[in-house]
Structures are given as C-alpha cells and as structure tokens.
Amino acid sequence: MRSCPLNLRIFQLFGVLLMTATVSSLLPAQSARSEKIVIAHRGASGYLPEHTLPAKAMAYAMGADYIEQDVVMTKDDQLIVLHDITLDRTTDVADRYPQRIRDDGRFYAIDFTLEEIRTLNASEGFNLVGGEKQQGYEQRFPMATSSFSVPTFAEEIELIQGLNRSTGKDVGIYPEIKSPEFHREAGKDISTAVVNLLKHYGYTNKSDKIYLQTFSYEELEIISTQVFPAAGVELNLVQLIGSEDSYRWMLQENGMTKLANHADGIGPEKGLVVSRRSTKGNIEISELVSRAHEAGLKVHPYTYRLDAGQVPQYANDFDDLLRLHYFEADIDGAFTDFPDRVVEFLKAAK
Ligand code: G3P
Ligand code: CA
C-alpha cells in the first residue's frame, strides 16, 4: 500500500497555494475583467498531474473562474475524479493489480473499489511505448516523481468550497459525466448519482456556480427531463461537441435552437470555432458561436494548450490564439491546461 498520509497531502496542497500566492494577489475579480471566463481543464494540468487535488488548488490560486472535474464511478458506486474510464494512463494500477487486466489490456475504474483506488499513485499521463512508460507531455511535471492520488468527487467539491470560504471568492465547478452509456450498461446511473451529490453540496439552481457537461445528447435530455425533476434541481447544462461527423445536426442552421431546449451552453472542440484550415492570412471563423449566442447558449470551447505543437499554425503564439478565439470569434470562456496564462491574457485585454 502506497497511500500518502493525510498531513503530508495537506502540506503538499498548502505548498502549492503558497507558491502561487503571488499570482493570486495580482489577479482581478472576474467582474472586473468582463464576463469572459477561464475554466481550468482537469485543474492546472499543464503544471501538475491532471485531476489531482494539488492541480485543483493551483488552478484555484491562479484565478480560474471554474475548475473542471471528469467524473466516473467505482465498483462500489463511489464517484471519483478521473478523465478516462480506465486507470492505466494516469496511475500505477498495472504494477499494483496486474491480474485485474481485462481482455482488451485495460484496467477499468468500475472494476475497482474506492479503497483499492486509494492505494494507487496518480501521475502525469503516460503511454506504453515498447513496454516502457513514456510521458504524454514531455515538458510537464515529471511522471515518476512525488506522490499523488485519485480524489473522490466529494473531496474535490469540499476543497473548492473550502477555498471559497477561506478566500471569500466564488469559484465554480464544471463536472463532466463520463461515458454515461458505459455506466448504464454496467447497471450504474451515474447522472443521478452526480446530481444527488451536487444537491447535497448545495448546487440546486441555475444561479449556482456550476455547469454540468456531457458529450452525450441522449444523456443531456435524460438529465434535463428526468434526473433534474426527480432531484428537484435545475442546473446549467452544457453539451460537449466533438468531431463534426458525430454531431452533424447540432452544427446545422437550426441545431443550436433545438439544443437550447435542454442546454444552457456548448463546449465545442476549438477547431469547430476557428477552422483548422485557417492560415495566418485567412482565419476561418465558423457560424457556430453566433448561432449559439442567437439561441441564448454560452460557448466554452476546449482545449487551449501551450505545449509544443499545441498552438495551431494559424496563430502567431498562445496569446494570439486566445485573441482570435475570445475576441474575434467571441467565445464566452475556454477550457485550458494553463489557467494562469489565460487569466493574465484577459486581464491585459481588459
Ligand atoms: O469537457 C471539456 C473537455 O474536457 C472535453 O474533453 O476529453 O478533456 O474531457 P476531455
Ligand atoms: Ca472533460
């Protein structure tokens, strides 16, 4: 067992907050820098391993308006914060529980109890190349160092709400229900579990600082028409939009109007806002944002990254990319792995 003692984890968290305190003290309140928002994608995941509590504390201290949680379920129906439905890209599960591998070579969170998941060490994401672990983003936090864990959704909400209490700020949460159909096939209603937990922590209506997101339109409809009424809550819902092929009707002329029956916003892949075909002399901005705004929907594209090769060639640099998307295309917010850079960009733009 390699769990990190609680006092050590608190110390690590405190260290992260102290390190970023200077940044925090220089930040403007959101209202002072327009309504455009910054969403910390999996936390400050450009600097610390994604979806760990230190990465969330760092994002908070950097001035993000919302902090994202991807949520999946364990074998014993606990909600944890994890991007994949599998554990093997971001933990040492393959070393600790080699016999729990499925036929497809993966280790599914849904096959493990929370107690088992708590024994795992989380790390920067990696791929197996010739049997060797190779870090996904080479320049990010070194994969084999320090000690991190997979948090529960409740622990993360308590961290953010606790910081809201101690700082007097009101940072929001931005949970995504991961693979609802996969959970349903395994007999688990993840949406109801998430909404009930949110209600428990006081998120009950659209004025609360929360956007609930999913890639599944079918699930969005179920949440809007069944899960919310059953729980007696009504929260802001965001439809994520991935590849053009899978979401074709939403991208047609009346797609946003239809979507607005159940959604309050969209989270498109950023190439659907400014085409990847764009060049420095010819920026192609789609009609998606204007159609969404006409339908009353917010637009929060993903994912804005600074790493090598992640800034599209049509932009001069990361700030230019942000300028094109926030101010030429008029998006309302952005998911980013580097919340400090986007906060500073918006502050300077103001
Ligand atoms: O939820 C917004 C963005 O996070 C979608 O992409 O794959 O990182 O969850 P993904
Ligand atoms: Ca997500």
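Select Leu-212 and Leu-237: Leu-212 stands opposite Leu-237 in strand 8; strands here are DSSP runs of E with at least two residues, numbered from the N terminus. This is a predicted model, in which local features need pLDDT of at least 70 and side-chain atom pairs count only at pLDDT 80 or more, while totals for chains, interfaces and linings use all residues. Residues are numbered from 1 along each chain as its sequence is written, chains are lettered from A and ligands numbered from 1 in the order in which they are written, and side-chain values use heavy atoms, with hydrogens and water left out.

Next, show strand 7 (residues 211-214) and strand 8 (residues 236-241) together. The two run parallel and are joined by four bridges; strands pair if DSSP finds at least two bridges between them. From strand 7, Tyr-211 and Gln-213 point one way, Leu-212 and Thr-214 the other, and all are buried (under 20% relative accessible area, with a 1.4 Å probe and protein chains only).

Stay on strand 7 and pick Thr-214. Why does Thr-214 count as buried? Because its relative accessibility is 1%. Beyond its neighbours within four places in sequence, Thr-214 is in contact (heavy atoms within 4.5 Å) with residues including Glu-176, Ile-177, Val-238 and Leu-240.

Now go to Tyr-66, in strand 2 (residues 66-73). Tyr-66 counts as buried because its relative accessibility is 7%. Neighbours within four places in sequence aside, the contacts of Tyr-66 include Ile-39, Ala-40, Tyr-174 and Tyr-211.

From His-41, move to ligand 1. Which residues surround ligand 1? They are His-41, Arg-42, Glu-68, Asp-70, His-83, Glu-176, Lys-178, Gln-213, Phe-215, Leu-240, Tyr-302 and Phe-335, each with a heavy atom within 4 Å of it. By class, this shell has five charged residues (Asp, Glu, Lys and Arg), four nonpolar (Ala, Val, Leu, Ile, Met, Phe, Trp, Tyr, Cys and Pro) and three polar (the others, Gly among them).

An oxygen atom of ligand 1 is 2.7 Å from a side-chain N or O atom of His-41. For Glu-176, a side-chain N or O atom is 3.0 Å from an oxygen atom of the ligand. For Lys-178, a polar side-chain atom lies 2.9 Å from a ligand oxygen. Taken alone, ligand 1 exposes 280 Å², of which the protein buries 90%; accessible areas come from the Shrake-Rupley method with a 1.4 Å probe.

Methods
A polar contact is a pair of N or O atoms within 3.5 Å; within protein, one must be able to donate a hydrogen and the other to accept it, and residues adjacent in sequence count only if both atoms are side-chain atoms. Buried means under 20% relative accessible area, exposed over 50%, partly exposed in between (1.4 Å probe, protein chains only).
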